[in-house]
Amino acid sequence: MIAHESARGHVSGFALYTDDLAARFPGTLHAWPVVAPSAHGIVLSLDFDAALAEPGVSTILTADDVPGEGNCGVSRRDEPLFPSEFRYHQQPLVWVLGETLDAARRGAARVGVVSESRPAVLTIEQAIARESFFGPPISLRRGNAASALACSPHRIGGEIAMGGQEHFYLETQNALAWIDETGGIRAHSSTQHPSETQEIIARVLGLPRHMVGVECLRMGGAFGGKESQASLWAAVAALGAWKTKRPVRVRLSRALDMALTGKRHPFFARFEAGFDDDGHILALRAALYSDGGWSLDLSEPVMGRALFHLDNCYFLPALEATGLICRTNKTSQTAFRGFGGPQGMLVIEDILDRIARSLSLPTDQVRERNFYTEGQTTHYGQTVKDAGRISTIWRTLKSCSRFVERRAAIDQYNANSAHTKRGLAITPVKFGISFTATWYNQGGAFVLVYRDGSVQVNHGGTEMGQGLYTKIRQIAAVHLGVTANKIRVMPARTDKVPNTSASAASASTDLNGAAVADACSQILERLRPVAAKLLGCSPEDVRFADSTVFSGAAGNPVIPFSQLTEVAYRARVPLFAQGYYCTPEIHYDPQTGQGKPFHYFAYGAAVAEMEVDGFTGQYSYRRIDILQDVGDSIAPLIDRGQIEGGILQGAGWLTLEELLWDENGRLVTGGASTYKVPSWSEIPEVFEVNFLERATEPSVILGSKAVGEPPLMLGISVREALRDAIAAFGGGGVVAVDSPLTPERVFWAVERARAGPVSPVEQPLGAARA
């Protein structure tokens with residue numbers, strides 16, 4: 001088994017992160033923001049006199065200091081670096097630079113801010129009422145949903161709300177910038193997207209990009225929160241360095257990070273579904289609303305992916321789906337592991353549970369009846385390749401988890417237990433792999449082989465703990481035929497590999513790994529003729545393995561790879577190469593809503609068993625079983641860790657993790673004492689993770705499949721198991737619940753279940769709100 005390449009450094013404390021590097025820069029200044037006093041208002045005046053008189057304060061960064069464009073917006077130029085109109089509580093207005101962090105904080109506290117408050121929009125419901133949206137609706141359609149609904153034997157309507165999620169990466173947002181000896185700007189940044197951070201710094205300073213270098217050594221977690229939102233802090237550090245000619249460090253405290261940075265998008269959905277007596281969905285009409293926060297950021301592609309994944313694993317013959325992004329006065333919600341996919345999937349899983357319970361059918365049976373089959377296409381026109389894997393995974397997992405036997409045992413337990421009930425649920429996942437923005441589906445690499453046979457690999461991906469660099473090292477080792485200890489994977493740098501895509505969309509190994517393989521293949525093709533002369537064979541017979549070179553014919557000599565590289569150097573053979581890869585055959589037309597936006601689908605399923613205490617709403621995890629399609633795993637330990645962490649992060653979003661803002665737009669769950677993330681208590685007593693066998697993906701590097709995001713959606717099984725347990729307290733009927741299913745929500749849902757079922761047909765649109 002291949003261990004994480006930084007595992008020893010992680011557990012020993014020797015692994016360095018961006019903020020650890022500040023000690024290398026004497027005279028570093030520290031930045032701290034002056035923040036907005038309310039959720040929406042106009043800055044009338046700022047008084048800096050007292051702040052500048054504070055001991056240790058060096059200067060204050062304002063809009064007047066910007067030599068370029070003072071805007072960090074990604075999708076639109078809608079994120080002013082120094083706003084005159086603030087749009088969320090604690091939005092940074094100006095930045096104080098101090099000789100110490102304490103001096104900067106004291107200086108920021110002494111800046112006088114005079115402002116005028118404006119009305120704020122703080123919820124999706126308020127945004128809908130006031131028609132506060134970012135642009136027109138996004139729509140996807142298939143067939144005539146209205147006609148199919150009218151002809152359906154059964155119809156069900158309702159609503160579902162799901163909250164956001166704090167990234168809660170261990171390393172908060174931070175950056176360090178300085179001016180190099182050429183007058184350019186260099187920056188260390190905890191960023192998933194060094195090239196975008198480079199772009200934003202260059203924009204703010206009015207520089208061409210070749211004058212800006214950005215490096216990401218590694219990140220202590222990111223989960224999407226450092227894809228677009230890392231650039232602001234790097235831009236502040238760079239602007240401070242530009243003004244003062246000294247290194248500048250920006251590092252947010254946990255409280256400030258939670259108050260200032262975007263979250264997973266909260267969603268609200270209204271739906272109407274038509275179905276037959278067996279639970280087959282005949283038509284679906286759904287309206288999705290997301291809370292985009294104060295700026296657009298990545299909210300459009302997040303909503304797009306939610307609409308793409310509204311089907312999950314199910315064929316929807318007639319669909320009318322629309323999505324609207326609400327403009328609110330909260331943090332600008334952003335990328336988060338799954339990128340809208342979890343929200344879309346939760347809607348259809350919620351609907352299927354309601355359909356099953358309204359027909360008094362087993363929920364697993366109704367789900368299975370609606371699965372895609374080979375040859376069917378999605379509502380956006382893409383053929384569901386390997387659709388048969390959905391049923392294969394489903395049947396295999398039900399068998400190995402003893403689902404049928406446990407279902408009977410749980411029913412027996414519930415019949416004999418008045419105050420605690422157990423729930424069991426199985427849910428599938430079909431997740432599309434590729435950036436939906438087609439141009440991001442490319443990767444680059446620069447591989448250098450030295451005379452001694454050691455290898456340095458540069459590529460466009462960033463390491464945030466997910467194991468990308470471990471897989472890249474393995475890919476290089478396999479393609480060069482050397483042992484992994486000969487490979488050094490370098491930190492991502494924009495001056496080594498330019499124009500990189502974000503490490504996101506679960507595509508980093510696919511893109512960067514294929515680019516590394518391309519570079520390695522070029523080097524080997526140059527080495528083959530040299531090796532053939534040394535071995536006395538044809539170039540086609542040369543083999544590379546275990547840091548040795550030999551002929552495929554028996555009895556021929558074996559030479560060290562290092563001997564070959566020295567001979568090749570003396571023969572003036574270049575021992576370095578640039579590699580490139582772009583995902584083939586993907587396209588999408590947003591005007592028609594048709595195309596092939598994904599290179600392939602990753603499949604999986606999970607069975608969750610939960611126990612609920614009817615007196616308190618508290619619940620415990622009894623067992624989780626997972627079967628995941630990872631293709632041919634490059635690093636099984638890494639993939640297993642991603643699956644285990646993914647489902648628990650998904651379960652956290654749907655159960656424990658509740659974001660709350662007060663009536664003034666202040667985040668009141670702004671720390672670990674009030675915002676609960678999964679911990680050891682959420683580890684089930686039995687936790688089984690297995691990979692689907694014989695699942696090679698031929699079109700992907702080494703036959704592997706993405707594993708970063710797909711497991712998160714397996715957490716839906718935990719929510720559905722809780723829902724099953726809640727239903728056991730009542731006499732049947734639909735169980736309508738919002739997420740997160742905190743113990744409080746579970747308690748009140750149990751009370752409603754005990755009071756009696758609500759007719760699914762007569763259920764009012766607001767009845768789902770808990």
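**Predicted model: confidence, sheet architecture and helix packing**

The protein chain of this predicted model has an average pLDDT (the predictor's confidence in each residue, from 0 to 100) of 96, and 98% of the residues score at least 70. Over residues 762-770 the pLDDT is below 50, yet this stretch has 24 contacts (heavy atoms within 4.5 Å) in the model beyond near neighbours in sequence. Where pLDDT is low, the predicted coordinates should not be read in detail. Residues are numbered from 1 along each chain as its sequence is written, and side-chain values use heavy atoms, with hydrogens and water left out. Local features need pLDDT of at least 70 and side-chain atom pairs count only at pLDDT 80 or more, while totals for chains, interfaces and linings use all residues.

Helices (H or I, at least four residues) and strands (E, at least two) are DSSP runs, numbered from the N terminus. An open sheet of eight strands has the order 3-5-1-12-9-10-11-20, with mixed pairing; two strands pair if DSSP finds at least two bridges between them. Strand 3 and strand 20 (492-493) are at the edges with a single partner strand each, so one side of each is left without a neighbour in the sheet. Helix 6 (residues 194-205) packs on this sheet and touches strand 10, strand 11 (212-216) and strand 20. The direction of helix 6 makes about 145° with that of strand 11 (axes are lines fitted to C-alpha atoms, for helices over the stretch in contact; angles run from 0 to 180 degrees between N-to-C directions). Strand 9 (residues 174-179) and strand 10 (residues 185-189) run antiparallel and are joined by five bridges, with A177 opposite A187 in strand 10.

In helix 3 (residues 101-109), the residues A103, A104, G107 and A108 are buried, that is, under 20% relative accessible area with a 1.4 Å probe, protein chains only. Seen down the helix axis, the buried residues of helix 3 fall within an arc of 135°, so they line one face; the arc is that of the directions from the helix axis to the C-beta atoms. Their cover includes strand 1 (29-35), helix 2 (49-53), strand 3 (57-61) and strand 5 (92-98).

Strand 28 (residues 619-628) is mostly covered, with eight of its 10 residues buried. Nine bridges pair strand 28 with strand 27 (residues 600-613) in the antiparallel sense, and A606 stands opposite I626. These two strands form a hairpin with five residues between them, where G617 in the turn has a positive phi of about 85°. Strand 28 also runs parallel to strand 29 (residues 686-691), joined by six bridges.

Terms used. Buried < 20%, exposed > 50% of the residue type's maximum accessible area, 1.4 Å probe, protein only.
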